[in-house]
Amino acid sequence: MNAPPNGLAATTPRVDLIAIAALVAPGSRVLDIGSGDGQLLKLLEATRQVDGRGIEISQKGVNECVARGLSVVQGDADIDLVDYPDDAFDYVILSQTLQATHRPRHVVEQMLRIGSKAIVSFPNFGNWRVRILLGLTGRMPVTSDLPHFWYDTPNIHFCTIRDFVDLCRDIKATVETRMVLDRTGKRVAFNAPLWFWNLFGQQAVFVLRR
Amino acid sequence: MAATELPASDEAPAQGRRRNPLDEVDDPSSLVARFSGDQALTLDSGGRLADWQLAYQTYGELDRDRANAILICHALTGDQHVANVHPVTGKPGWWSLMVGPGKPIDTDRYFVICANVVGGCMGTTGPASLNPATGRVWGLDLPVITVRDMVRAEAMLLDRLGIGTLFSIAGGSLGGMQVLQWAASYPERVFSALPIATGARHSSQNIAFHEVGRQAVMADPDWRGGRYVEAGVSPRKGLAVARMAAHVTYLSDEALHRKFGRNLQDRERLTFGFDADFQIESYLRHQGVTFVERFDANSYLYMTRAMDYFDLAADHGGRLANAFLGTRTRFCVASFTSDWLFPTIENKAVVRALNAAGASVSFVEIATDRGHDSFLLDEPELFATVRGFLSSAGEARGLAR
């Protein structure tokens with residue numbers, strides 16, 4: 001692994017990951033659920049000096065992470081989060097994975113048990129493009145961001161921003177920060193009403209605490 | 001890289017000159033560290049070994065900072081001959097796929113040490129060794145040995161070699177138990193650890209299988225209450241049966257079906273007798289017969305007992321995480337999907353405890369149908385994991401590339 005001097009991976013990290021990293025206090029303990037090839041953890045180590053851990057379901061992803069010196073455990077967020085003790089982390093992060101879990105509510109509850117704060121990012125199914133596709137064509141939307149057909153998608157639990165706000169209320173989680181990103185992952189409309197975000201947001205990032 | 005002067009055993013014993021296993025017991029064809037006087041080995045049983053020895057092999061060179069040492073811990077019937085031709089069987093070392101120049105545990109880069117464990121029969125003090133106090137073979141007079149005793153002995157060897165902190169420690173099965181015990185007993189001496197296909201305790205089912213093996217040995221009339229060496233006999237049949245039963249637990253139903261199915265051995269049809277009609281029977285008999293050529297029956301009793309007694313959580317107030325509290329060791333745990341001796345769930349219990357203790361831990365479950373023995377076999381995903389883990393740990397440790 002020949003990292004450039006700044007410690008970042010050779011490829012530019014996803015913009016939404018940079019936005020997430022900015023939410024993490026330097027030097028904190030972080031659990032990244034769905035680590036993939038370790039891009040976010042590597043970014044957090046380099047820019048926020050975190051003590052990072054990960055969970056990744058694929059053997060390929062875990063091997064890549066291990067080779068990059070990351071501490072990543074092969075496991076399934078739906079099953080394995082219960083193994084972690086209470087308050088083990090300052091942040092538990094779930095980026096672009098919520099919609100692929102079998103029990104999203106359980107996963108978010110576990111995140112809040114394990115960490116002081118939970119950071120959840122997800123694609124907004126209330127976005128106007130999705131609404132138009134479903135409303136006009138009468139078919140499940142297939143877009144560049146959501147490229148799968150209904151029968152082969154790993155995304156089994158889509159929600160809108162409004163749905164997620166409801167979930168937070170139901171599980172009595174406090175929303176500390178919420179932001180909406182556009183298609184390129186840039187933050188948009190800092191102080192807009194919820195209906196506006198729900199209509200125009202492509203991705204949402206929530207910081208929750210108990 | 002200037003090497004610190006240490007005995008080296010890279011040269012394999014001459015091929016073709018196979019030795020009698022009994023000759024290896026007190027005078028092994030490997031390096032030997034002898035301990036006596038104030039260097040007695042105290043044992044968990046309350047006993048102690050006043051004069052004892054540890055047979056070991058080394059590969060590669062220790063660097064100037066003495067920072068690149070990796071201790072390999074062998075499994076139940078393994079020994080110190082990790083990556084050289086075995087002096088008794090003439091076969092390649094048991095982990096020669098993993099350890100060697102350019103291999104995942106690269107002897108061009110790391111200084112690799114492996115010692116025959118206490119209770120073994122390849123040159124380290126065990127039941128077949130001479131008891132210096134009596135002049136007779138130890139036999140069952142040797143106190144029962146635990147995994148912690150084995151690890152204590154290995155630590156004394158490292159003291160003698162002048163190695164303070166191990167860069168890494170790796171092993172599967174009983175070797176993995178030693179890795180975990182090392183990390184618990186000497187956390188400051190272990191920079192990184194690779195426990196593979198192992199558990200923090202021996203399960204009831206595993207104890208049961210071991211008991212079957214021990215009973216087979218002790219039921220052999222040639223066992224003679226453990227005093228067979230003096231009688232010039234050996235409980236070959238009992239030990240072979242023990243090995244046959246154990247060998248099945250190292251494989252998997254799927255792999256046996258793939259390899260043997262219901263194929264017949266050198267015959268067209270069933271014989272309606274009790275010959276080895278099936279290939280699997282013939283294979284197992286071969287495993288049993290070749291095993292007794294190289295292994296001491298009493299040593300088999302001691303090795304299995306050490307595994308049975310292993311329960312790391314029990315040694316730490318019943319909570320496994322307590323064994324690793326405050327550890328700074330980097331762990332990488334690996335299990336195999338088809339391993340039913342140390343299934344993933346046992347390995348994951350270790351991972352869970354390490355997480356609870358706040359340790360740095362990675363974990364991979366490798367998909368294979370080859371069962372527990374996968375850790376000894378050509379498993380590219382395991383090699384990739386070990387290579388990646390060690391090279392990133394090496395960077396963190398500041399080892400020369």
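Q: How many helices and strands does chain A have?
A: Helices (H or I, at least four residues) and strands (E, at least two) are DSSP runs, numbered from the N terminus. Chain A has eight helices and eight strands. This is a predicted model: local features need pLDDT of at least 70, side-chain atom pairs count only at pLDDT 80 or more, and totals for chains, interfaces and linings use all residues. Residues are numbered from 1 along each chain as its sequence is written, while chains are lettered from A and ligands numbered from 1 in the order in which they are written.

Q: What radius of gyration does chain A have?
A: The radius is taken over C-alpha atoms; the globule rule is 2.2 Å times the number of residues to the power 0.38. For 210 residues, a compact globule would have a value near 17 Å, and chain A agrees with 17 Å. Its C-alpha trace spans about 50 × 35 × 35 Å along the principal axes.

Q: How many residues of chain A are in contact with chain B?
A: Two residues are in contact if their C-beta atoms, placed from the backbone, lie within 7 Å. Here 15 residues of chain A are in contact with 22 residues of chain B. Helix 3 of chain A gives the most to that side of chain A, with five residues.

Q: Which domains does chain B have?
A: Domain bounds come from an automatic or database domain assignment. For chain B it gives domain 1 (21-202 + 311-397) and domain 2 (206-305). Their C-alpha centres lie 25 Å apart. 27 residues of domain 1 of chain B are in contact with 22 residues of domain 2 of chain B.
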